[in-house]
Structure formats: structure tokens, C-alpha cells
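Please follow it with the structure open.

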Amino acid sequence: MKKGTHPVRLLAYVAAGCLLYTTSMTQVRADAQAPTLKMNGYTIVNAASAKQQRSDNGKGGSEPYIGIGASDLYFTVTGKAANGMEYKYRINFETIPGSSAYVNKNYVEVNGNFGTLQAGAVTGPDDTMPESGANLIGGANGIDGTMNCMYNYSAGAIKGVNFVGETKKATKAVFYSPEVMGFQLGFAFTPNTSHMGDANRNNAMIGDAPTVGNSSGIYPAYKTLAPYGTRNMTLGLTYKGSVDKWSYAFAVVGVTEKSHYVDPAQFGQRQITLKNARSYQLSGSIGYDKWKVAAGWIDNGKSRLPKDNTLARYTSGSNAGKLLLGDAHLGNAGKAWNVGTSYTVGAYQFATAYHRTDRRTDATGNASSDIIATSVDLSALQGLKVFGEVDFIRTKTNANAVAVQQQFMAIDGKGNQAISNNSGAVFVVGTKVSF
């Protein structure tokens, strides 16, 4: 103790120091937030009917279709550290009766000045970053919704809403950078596009999520033995901004992977060598007040096509010697583009989009689609929306593509028929309840 310092004065100094320390610690604790649980979700119930030239595969007659277009229940645990870093744990239950994947998202997330990190079963930049015309359609999601349950696509025609090599909700690690001057970078690494849960590591065959690894249109059936990718890497870059009533957003997303395919004729005993997936998507949107216009372009190149046809043959049975994939190696994996617009006035949103896809199924054959999707959404009450949708569709193909798809359907054993040229319209009405 310094000479001349009174014990009472020293005690006051100590008390003041303790008070200052206690106040600072109280502030630190105030900045931190204990984990809290929140629950939200939505469900869409719709009724649909279709009129089309080809009514095969149980899609004929005038009887309406009633189904649950999408239905999800989210449980989210969020917390905050004293230094401002936020963390999250989210589970997404797909609550559609009869669904094969009841838990289709399960991931952890950390947010800070460094950006956002995610790990688990979650979508990546290939799903979150595009800004195409397909994003503007309301109703039952147009080309990516109920229409696919109603319409018979021609053999070999791609649907064109996602590129080949997409990872959907396969188990992955994702990083999004902070937004700097309107720019944001996204990156995802997916070890195996057909893995979602806790299945063992097995890159010799498709994993526990075959619908994730499948490339629709190129390999048209038998999803449990579908193409899949390993060491899948997705990179995306977006640029967004707004000035007065104007808003704009642009995105480029690309994917690369090592692609695999197991020959269904051998039931897992032989792999056909594929060309690795190399696909990209360009998209953008511009908005003014209540109007918004968006467009997108997808180029799949030769992603996941066989390198040749030497191995792609049946080796036994009545089909021995026949080409399983035809001359698909001489074709491509398809291109697609779309343009759409939406207008919001009061509680109403009107939207329409045009989609075009083209694919060369072999050296000379082509398969294509033209789709016009229109929708009207009414936000009747908070959390309650009713909608109507009309889709006009025309798809074309060739005889070789039909023969290849029919061989796959024969393996599938469900008695379905491969579809040649087709056209028609799909009508949908429904309601969405969210909270």
C-alpha cells in the first residue's frame, strides 16, 4: 500500500474496479444470446387437370388430380456469441404423406464478419444464387412443380430448370462470402451427390439418395442405378443492388465433378465411363417498382454422357448385345433458356414465363420442349394464399430416343411407355398456408 493512502480510500478504489469489471461483463453477457428454438413452415394443396395428346402411363381421362405440391416444417435453433458471431441448427421435415425423405435438410450454420459457413444436408449455390425467369412464377411453381406430375414428357427432353450435376440437398459444405460492393461469392463441396444421411462411404455405387444423383432426360428411369458425381464443386458469383425504384441482380453459377454410372444390366457389377459434369448457368433480373423481368441460360455441355458405347451394352438375356444408351455419347446433355416477368398490385401477383430446352440425343436426333407457364397469386390473408396456374407445353423427340427410354422402362418393370411427340395444357388451382 502506498504511503499516505488511507485504507478507506483504497477500499473505494477496489470497489470501483470491481464495479467496472462487473459492468463490462454484464455488457458482454447482454450481447450474447442463448440458443432459442423457432418453428415455421408451409403447405401447398392443389387440384390439377391436363389435356394432352399422349395420355399413357396413367395420365389420361378427365378425373382431376389432388395432391400436396410441397409441404415443409422447419425447426431452427439460433444463438449468438458475445463477439457477435451467430450460429444456427436447422431441421427441415418434408411433410408430404408418402414422401421417401421425411428429413430433407439437416445442417449447422455459422455467420460472422467472415461470411456464412454451412455443413450438412443443405442446398448450395446452384439452388440459392440463380435469378432466372423460373424464379418469378408463383402458383404451383410452373416447370418445377405440379406440371411434372401431370404431363408426359417426350423421351430425351430435359426439363431445363436445373443443370446437370446439381447437388440438391446432398451432404456438403457451403461457404458464402460477405457482400462487398454488391458482389457475393458462393462455394460448395459435395463429396458424393447421392449421399444425404449417415450411410457408409461407398463411391462404387449410387448412395442413399438416388433422386439427387439422377440426371432427368438423359438417363430416364431406374433412379436407384442413376448417374451421380463425386468431388462435386459448385462456384457462384452474384451482383445485386438498387437505385430508387430500380433493383437488379445477376448471377453466374458453375459446377464440376467426377461423374459415375453403374450399368443397370449388371446390377452394380460394372461401371460405364462417363464424361465429367461441366455445366453452368447465367441469370439475371431487373425490377422497377411493381414490375420484375428475369432471364436465365443453362449449358450442360456433355455432362455425364458416356465416353463411348463399347461398354454400354446388355450382356445377357433377350437384349444381349443391344446398346443400353444408344449413341448418346455422340449427342449432348442439353441447353435451356427462359425469360419471365411478374407484376404485383395490392394483394395480387401476376407472372408468366417462357422456357425452351434443346438436346441432341445422338449424332443427328434432337429432343426439345417449349413451355409457357402463367400464374395468379392472391394473398387473401396474412399467411394464406390462393393461386391459379395454366401451363401450355409442347415436347418433341425422335425414334431412337424413344427406343432408348423404352429399354430403361423395361428394366424399371412398371409397365410405363416411352413418349414420342406430345403437347397439351395443365390447369392448377390451390392454396398455400404458411406461418
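Asp370 is buried in this predicted model, its relative accessible area being 11%, a value that falls under the 20% limit for burial. Its partner in a salt bridge is Arg356, and the closest N and O atoms of the two side chains are 2.7 Å apart. Because Arg356 belongs to strand E13 (residues 348-360) and Asp370 to strand E14 (residues 366-381), the pair ties together parts that are 14 residues apart in sequence. Through salt bridges that share partners, Arg356, Asp358, Asp370 and Arg394 are joined into one network.

Side chains of opposite charge can pair when their charged atoms come close. The count of salt bridges in the model comes to 7, and one of them links Glu109 with Lys88, whose closest N and O atoms lie 3.6 Å apart. Since Glu109 is part of strand E4 (residues 103-112) and Lys88 part of strand E3 (residues 86-94), this pair ties together parts of the chain that are 21 residues apart in sequence. Glu109 counts as buried, at 8% relative accessibility, while Lys88 is partly exposed, with a relative accessible area of 22%.

The table collects the salt bridges described here, with the distance given for each.

| Salt bridge | N to O distance |
|---|---|
| Arg356 and Asp370 | 2.7 Å |
| Glu109 and Lys88 | 3.6 Å |

How many aromatic pairs does the structure hold? There are 9 aromatic pairs, and among them are Trp291 and Tyr343, whose ring centres are 4.5 Å apart and whose planes meet at 40°, so that the pair is tilted. With Trp291 in strand E11 (residues 291-299) and Tyr343 in strand E12 (residues 335-345), the pair ties together parts that are 52 residues apart in sequence. Both partners are partly exposed, Trp291 at 48% relative accessibility and Tyr343 with a relative accessible area of 26%. Elsewhere, Phe183, Tyr239, Tyr248 and Phe250 form one aromatic cluster. Charges also sit over rings: the charged end of Lys159 is placed over the ring of Tyr153, 4.5 Å from its centre, and Lys432 lies over the face of Tyr42, at 4.7 Å from the ring centre.

Phe183, a member of the aromatic cluster, also belongs to a nonpolar patch on the surface. That patch is formed by Val180, Met181, Phe183, Leu185, Phe187, Phe189, Met233, Leu235, Leu237, Val252, Tyr280 and Leu282, which together have about 1,100 Å² of accessible area. At least two residues of the patch come from each of strand E7 (183-192), strand E8 (228-243) and strand E10 (278-288), and E7 gives the most, with 4 residues. Met233, a patch member, has its place in strand E8 and counts as partly exposed at 37% relative accessibility.

Thr123 is found in the loop between strand E5 (115-121) and helix H2 (125-128), and Thr123 is buried, with a relative accessible area of 10%. Leaving aside residues up to four places away in sequence, Thr123 touches Lys105, Gln118, Thr128, Lys168, Lys169, Lys172, Val174 and Tyr176. Met409 is found in helix H5 (residues 399-412) and counts as buried at 14% relative accessibility. The C-alpha atoms of Met409 and Pro220 are separated by 8.0 Å, although these residues are 189 residues apart along the chain.

As a whole, the protein chain has 5 helices and 16 strands, and buried residues make up 43% of its 435 residues. Among contacts between residues at least 6 apart in sequence, 66% join residues at least 24 apart. The accessible surface of the protein chain comes to about 21,600 Å², and 59% of that surface belongs to carbon and sulfur atoms.

Methods
Residues are numbered from 1 along each chain as its sequence is written. This is a predicted model: local features need pLDDT of at least 70, side-chain atom pairs count only at pLDDT 80 or more; totals for chains, interfaces and linings use all residues. Side-chain values use heavy atoms; hydrogens and water are left out. A salt bridge is a side-chain nitrogen of Lys or Arg within 4 Å of a carboxyl oxygen of Asp or Glu. Buried means under 20% relative accessible area, exposed over 50%, partly exposed in between (1.4 Å probe, protein chains only). Patches are made of residues with over 30% relative accessible area and no salt bridge: like charges are joined within 9 Å, nonpolar side chains (Val, Leu, Ile, Met, Phe, Trp, Tyr) within 5 Å. Accessible areas come from the Shrake-Rupley method with a 1.4 Å probe; for residues, only the protein chains shown count as cover. Rings of Phe, Tyr and Trp (its six-membered ring) pair if their centres lie within 6.5 Å; planes under 30 degrees apart count as stacked, over 60 as edge-to-face and the rest as tilted. A charge sits over a ring if NZ of Lys or CZ of Arg is within 6 Å of the ring centre and within 35 degrees of the ring normal. Contact means heavy atoms within 4.5 Å.
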